[in-house]
Amino acid sequence: MVDKDLFLAGFRDLFDETDPQEIQFETQYKDLEEWSSLTVLSLIVHFEDNYKVKLSPVNIQESSTVDDLYKLIV
Amino acid sequence: MIKAYIKCIEYYLPADVLDNTQISVDFPDWSVDKISAKTGIYERHIADKEEFTSDMAVTVSKKLFENNNINRADVDFILLCTQSPDYILPTTACIVQDRLGMNKTVGALDFNLGCSGYVYGLALAKGLIAARIARNILLITSETYTKFIHKGDKSNRTIFGDGASATIISTDGICEIGDFDLGTDGAGAQNLIIKNGGARNPLREEKETIDEYGNVLNPSYLYMNGPEIFSFTSSAVPSLIDNVLFKNVLKLETIDLYVFHQANQFMLNHLRKKIGIDESKFYLFLKECGNTVSSTIPIALKNAMIDNRINKGTNVLIAGFGVGYSWGGTVLRF
């Protein structure tokens, strides 16, 4: 079971310019200004490396909040 | 069986350059540093408005003949890899035969592949030699993708550049071409595509849309679903490398240099780590030309030779993967 706070911290690390406080569990991540196709790639690698979960671009498309992504690993 | 060798390689990049400063002027949310850090690309070369695939193919072939003392009369086959031919028909390789003043006895054909094209070209050339159909093959890769990229498509403008390469494959040379592993999965066809311009969808004016990342989409221009392509390579390439090693009776550590299709630095680093290749054995050549599709492998090979990263006795594993989906790999024994 992955700690929720650690998950959030890991997700925040995928962004270079966004204020971490702007990213919470209820955040609609696709609305973040920095969100790009490169963030999608980073997210896929992050899930694979840290949670051994193979995230597909469709998973990311269909999810909307950070919490939705968390549910994919628990 | 007659063995097949690469004899020499040359490449050509068009004169016009699109650098990161210009891209960040066009897309202010993309800083110069961010572009170079994420993609590993600093500049791309763009074919002139009046410069086409056959022009680059002729230029690079002349360079190959001159720099390597190749008598063009000895060439008996032309293989030309392109997805941006001058015309739908005739075959660009035929135009190139005439413009280079080559023998009318040569065989010539185009084949339509992208990032896997150079590996497939070597496989076809090896087959022609083994079957005694030809003895000296001119393999050309030439691509003007930028003519198909919409000015408002930030992602593709950042990644792709134009370029061409020419290689002679013969019964002797600098490296023996090993055994191949090839693969295809047309289920991914829609993820890297130019929809209009073929018989199914003739070129026409269509409404443009903007994708969720801010790229302008127009079905008459190149479309790439980056995340899907990334996902595909992440699954396909590790097993491709396993298979190439197995077929050539080699191990990961007995390869001296890995030269992959230079898609972008982010993807390459991911693949390298996933496969477990030591960074010192993984060749990158992206900075000055970006992703030139089927020319990235020969461009990188040429530069690795100039940099003395390839010497006599070096085993080089090359791997190409992308549009189709299509992939392939082999080992070059120098």
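How do the residues of the lining of the largest pocket divide into nonpolar, polar and charged? In this predicted model, local features need pLDDT of at least 70 and side-chain atom pairs count only at pLDDT 80 or more, whereas totals for chains, interfaces and linings use all residues. Residues are numbered from 1 along each chain as its sequence is written, chains are lettered from A in the order in which they are written, and side-chain values use heavy atoms, without hydrogens and water.

The lining comprises 16 nonpolar, 13 polar and five charged residues (Ala, Val, Leu, Ile, Met, Phe, Trp, Tyr, Cys and Pro count as nonpolar, Asp, Glu, Lys and Arg as charged, and the others, Gly among them, as polar). A pocket is an open set of points on a 1 Å grid over the protein atoms alone, where a 1.4 Å probe fits, with protein on both sides within 12 Å along at least five of seven lines, and lining residues have an atom within 4 Å of a point. The space in the largest pocket amounts to about 1,100 Å³, a volume being the space filled by probe spheres set on the points, which are joined across faces, edges and corners. Among its 34 lining residues, B:Gln83, B:Pro85, B:Asn112, B:Phe148 and B:Ile194 are the closest to its centre. Because domain 1 (5-173) and domain 2 (181-333) of chain B both contribute to this lining, the largest pocket lies between them; the domain bounds come from an automatic or database domain assignment.

The second largest pocket, of about 730 Å³, is lined by 44 residues, with A:Ser37, B:Met224, B:Asn225, B:Gly226 and B:Pro227 nearest its centre. Its lining divides into 23 nonpolar, 15 polar and six charged residues.
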